[in-house]
Amino acid sequence: MTLRIGVLGASRIAENAIVAPAAELGHRLVAVAARDPERAGVFADKYGVERVLGSYQEVIDDAEVDVVYNPLANGLHAPWNLAAIRAGKPVLTEKPFADNREQAADVAAAARDAGVAVLEGFHYFFHPASQRALELARDGSVGTLRRVEVLMTMPAPPDTDPRWSLELAGGALMDLGCYGLHIMRVFSAAAGGAPQITAATAVQRFPGVDASCDVELALPGGVVGTSSHTMVSDAYRFTLRVIGSHGEALVHNFIKPHDDDRITITTDDGTRVEHLGRRASYTYQLEAFAAHVEQGAPLPLGPDDAVANMALIDDAYRAAGMQPR
């Protein structure tokens with residue numbers, strides 16, 4: 001089956017997150033709408049979207065749209081995911097899932113009641129590099145797990161970027177930290193529990209909007225987690241380090257393994273480098289989403305996972321002395 005995908009907005013992430021994966025997997029981009037119709041037209045011409053429609057709701061309601069891709073600003077994820085759910089359309093939504101836990105719970109309940117799939121776009125999880133790091137932590141390859149460290153840095157977006165908007169649920173913890181805290185939850189679940197935040201610090205660039213936020217966590221079994229995020233760095237860095245009693249594993253770029261698919265593993269026996277493949281994590285993600293929509297294949301991440309992640313983000317903001325979005 002070929003999915004017919006409707007795109008909400010003409011975002012910068014769409015080329016990597018939906019356009020390229022859809023082309024690789026043989027799915028169609030049938031409709032797009034944006035606040036600026038001219039921008040939507042340019043997007044459609046550039047990426048081969050079949051039709052430009054006048055509004056997000058028209059995309060959702062279009063009879064030829066099977067599923068909806070939502071890459072809008074953070075604060076618009078939940079309302080438009082709810083609109084798609086009401087129309088009975090499965091949604092692949094960019095992260096974070098919502099503004100806060102309460103809003104995420106509303107979306108999750110609507111999805112459950114309607115029997116509509118909603119997948120939060122933690123694409124990193126679907127790539128073999130991330131799964132290999134999890135395997136190394138669980139199988140004793142680096143000894144007993146001691147620490148999990150995430151570092152996420154990026155240069156500052158322009159001041160007018162939605163990621164700096166409190167009203168649109170911006171901030172470093174929302175945009176980057178949602179990944180880091182999700183990773184902590186994944187490793188915690190593998191150890192049989194949930195992480196607890198022990199400390200957090202944030203630096204605000206605008207009132208209520210964090211330019212950086214660092215979170216410390218306690219994972220089951222005495223494992224320490226650190227997740228550091230900043231949107232005012234000199235470079236992009238997206239590393240995941242798993243440290244055990246007898247070694248460590250470094251995923252060099254868990255967000256963009258198509259650029260760098262290395263895991264460097266250092267143990268008592270020496271250092272080796274594994275390459276996990278340059279196929280994009282977004283392609284693995286869309287493949288899994290399509291298999292669920294088309295064939296009912298189970299998804300490893302669902303709305304309840306999204307609610308739990310938003311709850312941890314809320315807790316991190318409070319620990320840093322800030323209010324959740």
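## Basis of the description

Helices (H or I, at least four residues) and strands (E, at least two) are DSSP runs, numbered from the N terminus. The structure is a predicted model, in which local features need pLDDT of at least 70 and side-chain atom pairs count only at pLDDT 80 or more, while totals for chains, interfaces and linings use all residues. Residues are numbered from 1 along each chain as its sequence is written, and side-chain values use heavy atoms, with hydrogens and water left out.

## Annotated regions

An unreviewed UniProt entry places the feature "domain: GFO/IDH/MocA-like oxidoreductase" at residues 131–248. This span is 42% strand and 23% helix, with its end C-alpha atoms 15 Å apart. At residues 3–121, UniProt (unreviewed entry) places "domain: Gfo/Idh/MocA-like oxidoreductase N-terminal". Here the chain is 45% helix and 18% strand, and the end C-alpha atoms lie 17 Å apart. UniProt positions follow the numbering used here, feature names are shortened, and annotations may be inferred rather than shown by experiment.

## Domain division and interface

The protein chain is divided into domain 1 (4–121 + 284–297) and domain 2 (124–279 + 310–320); such bounds come from an automatic or database domain assignment. The contact (heavy atoms within 4.5 Å) takes 22 residues from domain 1 and 17 residues from domain 2. The C-alpha centres of the two domains lie 25 Å apart.

Between them, domain 1 and domain 2 bury about 1,700 Å², of which 58% is on carbon and sulfur atoms. Buried area is the accessible area (1.4 Å probe) that two parts lose on being put together, summed over both.

## Nonpolar core

A nonpolar core is a set of buried Ala, Val, Leu, Ile, Met, Phe, Trp, Tyr and Cys residues joined through side-chain atoms within 4.5 Å. Buried means under 20% relative accessible area, exposed over 50%, and partly exposed in between (1.4 Å probe, protein chains only). The largest core has 105 residues, and those touching the most other members are Ile5, Ile18, Phe43, Val148, Phe187, Leu240 and Phe254. Helix H7 (residues 172–190) supplies the largest share of this core, 11 residues. Because domain 1 and domain 2 both give residues to this core, it lies between them.

Strand E11 (residues 247–251) runs antiparallel to strand E12 (residues 262–267), and five bridges join them. Strands count as paired if DSSP finds at least two bridges between them. In this pair, Ala249 stands opposite Ile265.

E12 also pairs with strand E13 (residues 270–275) in the antiparallel sense, over six bridges. Ile265 stands opposite Arg272 in E13, and a hairpin of two residues joins E12 to E13.

## Individual residues

The peptide bond from Lys95 to Pro96 is cis, with omega near -5°. Pro96 lies in the loop between strand E4 (91–93) and helix H5 (101–114). Ala169, in the loop between strand E6 (145–153) and H7, has a positive phi of about 65° although it is not a glycine. Ala169 counts as buried because its relative accessibility is 0%.

Arg185 is found in helix H7 and, at 15% relative accessibility, counts as buried. Not counting residues up to four places away in sequence, Arg185 touches Pro195, Asp305, Ala308, Asn309 and Leu312.
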